[in-house]
Amino acid sequence: MSITTTGSLGPMILQSLAPAMLYVPTPTMNYITICDKVSMPANGGTTCRFMRPRALTPPTVQLGNSGIDPPAQVPQRDIIDAQMAFFGTGCIINEQVILQDQEGVLAWVSERLAVAMRQAEDLILRDYIVSAASQLNAGGGSNGYNPTNLGITDFSLVATTLDTNNAYKFMSGILGENRFGSGPVRSSYFMLSSTELQSDFDQMTSVGGVAFLNQWNYPNNTSCLPSEYGNVANIRILTSSEAPVARNAVQNNLGVFNDVYYNSVMGKQAITHINQDGYSMNLIYRDPYYSGMLAQNATLAVKFAQAQALTQDTAIRNVLSTRLSNLGV
Amino acid sequence: MSEYNKMAKGRFTATGTSAVVQLPFQPDFVELWNYTNIATAAVNSVTRAWWDKSLIVANNNPTMIELYSASATSLVFDTIAGSPTSAGIGTFSAGQLLQFGPIYKHESVASADFAIAKSGAGGPTTVTTDTAHGLQSGDVIIFEGLFQTATTGMPQLNYVWFTVTVTGATTFTIPWDTSGANYTAFDSDTSTGNIGSWRKVLYPYIYFPGTTTISGITLGSTTTIDTTDAHNLVVGQEVAFRIPNQWGTVELNALPNTLVPGSPVYGYVIAVTDYNTVVVNINSSAMTPFVVDQTVASVPGLSYPQIVAVGDVNTGGVQISANSALYPPPYYVPIGTTRVNTINGPAIQGAFVNNTSQGFTIGSGVAVVDGTATIMQAEDVIEWRAFYHDISLPN
């Protein structure tokens, strides 16, 4: 008796595309989330200008009984300029790809271009913050490097600095609730940090009753951002794998290298992202018709305009730190 | 005929043995002619060089050259290896910060040891390398370690961004005063455990103006600030100071303000002396002197004094000058008073500027067989063409 097998009668078509695309690993984009957003008008020149009035001297000297007015004050202001820059990228796709490919290449390339553009916005802001914001070296850790790993006192110090500078916090506090293992959360600034430091946060030793509180130990997490890892003192920590790191940038007295992490702690309006006339996202598709005698190639591209400015220098600090423990990757 | 390729050409006069050419693309083929060497025909001089991105030989991407080697009457062919330490032509993409070159430390490559001598009062500090360092004045480097013993050396210089001034093939200086008692001469060859290294910061000025480390403060009716790398400030720039307690001149700090609580105290730049010196309109005569002699013991957690650009009072862009564009772009000053234009359009002077760019570089590597010749020397006139091809086989 003969059995028909795939050896004698193989399937005519050997492959079938799975119904959904696999995900593309993409870092969380914290910098664009936290920045102030401003739109510069069309026909507004190359440079966006901000104005911040200076405080007037409080009149703490009494008038007395002379009937004479005190001298007038002269108001002053600070001016901050930022120059617009344009960015873009794209793909040239032959019509045969579009015609013959079975998985909608234009759709997923469009999506990839859009994500690349948003990621560029975030990376530009990230690097700008590294350049523009002043720095504190962490000293509260115990690993002996300069900077040290992050300690509780580093959080306390930078929160104290921003409070003393009258920076505005982003988040109001979360009152404690009768939930096992939870604790109240103070009103907070944001720290934009690296996912590589999460194990350090987990091992952080409490000082003077101040400790690291995991996001899942908040009384409730309705106000949490997706990338929020936890809280220390007046700082809520957002992590991303694209946070700025200088690899092997310091060495201790044993000769061991360590990476330097830029943990950006900021209040409201510290950094501003500027677009021009809503020119924040242009997805441009050009039909093959435009590509030459035989109209063979379509193009898909994204283009955007962006500037950025340090708009409240007193409301931001980069806390540089190293890492306590080696990564297990 | 091709549709999407890119072509560019240009000419420049070399300022050293390496150069950067900014383009709207990264080429896959570059060719250049050294007109000066063609016209003068001297031994050990390169007349032509060309480079193809797709030519990979033993994991290397060499540059091909034609040169007068031992004879000034006959041309020969040679190559420049193309490794990071012996670079010919290559491309660059300066789009992200915190990128560094290879580490130079004891035995990282042959004879990579280096020594840092204590400076005279006021600096600068001299670094001597065992073999050619390959740096150019204006390059920025970081140091790591620098422990002569576990408790001595110069670890106070760790991860500070320093602009180098090249004084010889194996010597350069950094703008820091190491004459104090807390600094001990460092030598990577003799230090305990050979703990110390340096690396080049590849793209230090992608955004400016920004935050810069202060290396010295001269007090007076106006205040003179020296920095460790280029400040890129302009006259009219509004600046703030962050001076940690142990560095002395804390009175410059923007906050706290005792008279108008909460109102930051800023200064304005009234003169730019050079790449790392500015004069600010703050009367500091009665302030505490700046202290650069920090102890080794203080190093874990030591924060550095900084000057921060926070605004400007300018209303116009960069003024035109001889050979400049009619509407000059913002520029940065990596060394001395040398201006390097960005690829932007005009902006208000002192504005926060994006200085990302791409293009190709010409390195200072020497010809493999000749052993002496580099693609160019200072004052050489270079003609170049760069391409990005529609079709490149192999890609």
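This is a predicted model: local features need pLDDT of at least 70, side-chain atom pairs count only at pLDDT 80 or more; totals for chains, interfaces and linings use all residues.
Side chains of opposite charge can pair when their charged atoms come close. In one of the pairs here, B:Glu238 meets A:Arg54, with the closest N and O atoms 2.9 Å apart. B:Glu238 sits in strand E20 (residues 237-242) of chain B, while A:Arg54 belongs to the loop between strand E2 (47-53) and strand E3 (77-83) of chain A, so this pair joins two chains. Is B:Glu238 buried or exposed? With a relative accessible area of 0%, B:Glu238 is buried.

That bridge leads us to the place where the two chains meet. The size of an interface is often given as the accessible area lost when the parts come together. For chain A and chain B, the buried area is about 4600 Å², and carbon and sulfur atoms give 52% of it. Three residues of chain A deserve a look here: A:Gln83, A:Asn146 and A:Gln251 supply 14% of the area that chain A buries against chain B, more than any other three residues. In terms of residues, 66 from chain A and 61 from chain B take part in the contact.

How many salt bridges are counted between chain A and chain B? The count is three. Besides the pair of B:Glu238 and A:Arg54, you can look for A:Asp313 and B:Arg242, whose side chains meet in a salt bridge at 2.7 Å, N to O. Polar contacts across the interface of chain A and chain B come to 29 residue pairs, both residues being at pLDDT 80 or more. On the side of chain A that touches chain B, helix H3 (residues 105-132) of chain A gives the most, with eight residues.

Over all chains, the count of salt bridges comes to 20. One of them lies within chain A, between A:Asp127 and A:Arg126, where the closest N and O atoms are 3.0 Å apart. Both A:Asp127 and A:Arg126 are buried. In chain B, the side chains of B:Arg48 and B:Glu66 form a salt bridge at 3.2 Å, N to O. B:Arg48 lies in strand E4 (residues 45-52) of chain B and B:Glu66 in strand E5 (residues 63-68) of chain B, so the pair ties together parts that are 18 residues apart in sequence. B:Arg48 is partly exposed, with a relative accessible area of 24%, whereas B:Glu66 is buried at 17%.

Back in chain A, let us stop at A:Thr311. You will find A:Thr311 in the loop between E14 and strand E15 (316-321) of chain A. Because its relative accessibility is 5%, A:Thr311 counts as buried. Which residues is A:Thr311 in contact with, leaving aside its neighbours within four places in sequence? They are A:Phe50, A:Arg52, A:Ile80, A:Gln269, A:Ala270, A:Ile271 and A:Thr272. One of these, A:Gln269, has its backbone oxygen 2.6 Å from a polar atom of the side chain of A:Thr311.

Next, the backbone. Most residues other than glycine have a negative phi, and most peptide bonds are trans. A:Ala295 has a positive phi, near 50 degrees, and is found in the loop between strand E13 (282-286) and strand E14 (297-310) of chain A. In chain B, phi of B:Tyr159 is positive too, near 55 degrees. B:Tyr159 has its place in the loop between strand E11 (140-147) and strand E12 (162-163) of chain B, and this residue is buried, with a relative accessible area of 9%.

Chain B also has cis peptide bonds to show. The bond from B:Gly123 to B:Pro124 is cis, with omega near 0 degrees, and B:Pro124 lies in the loop between strand E9 (114-116) and strand E10 (125-129) of chain B. The bond from B:Phe208 to B:Pro209 is cis as well, with omega near -10 degrees. B:Pro209 is in the loop between strand E17 (207-208) and strand E18 (211-218) of chain B.

Our last stop is on the surface. B:Ile320, B:Leu326 and B:Tyr327 form a nonpolar patch there, and together they have about 410 Å² of accessible area. B:Leu326 is in the loop between strand E23 (306-312) and strand E24 (331-332) of chain B. Because its relative accessibility is 65%, B:Leu326 counts as exposed.

Notes
Residues are numbered from 1 along each chain as its sequence is written. Chains are lettered from A and ligands numbered from 1 in the order in which they are written. Side-chain values use heavy atoms; hydrogens and water are left out. Patches are made of residues with over 30% relative accessible area and no salt bridge: like charges are joined within 9 Å, nonpolar side chains (Val, Leu, Ile, Met, Phe, Trp, Tyr) within 5 Å. Accessible areas come from the Shrake-Rupley method with a 1.4 Å probe; for residues, only the protein chains shown count as cover. A salt bridge is a side-chain nitrogen of Lys or Arg within 4 Å of a carboxyl oxygen of Asp or Glu. Helices (H or I, at least four residues) and strands (E, at least two) are DSSP runs, numbered from the N terminus. Buried means under 20% relative accessible area, exposed over 50%, partly exposed in between (1.4 Å probe, protein chains only). Contact means heavy atoms within 4.5 Å. Buried area is the accessible area (1.4 Å probe) that two parts lose on being put together, summed over both. A polar contact is a pair of N or O atoms within 3.5 Å; within protein, one must be able to donate a hydrogen and the other to accept it, and residues adjacent in sequence count only if both atoms are side-chain atoms.
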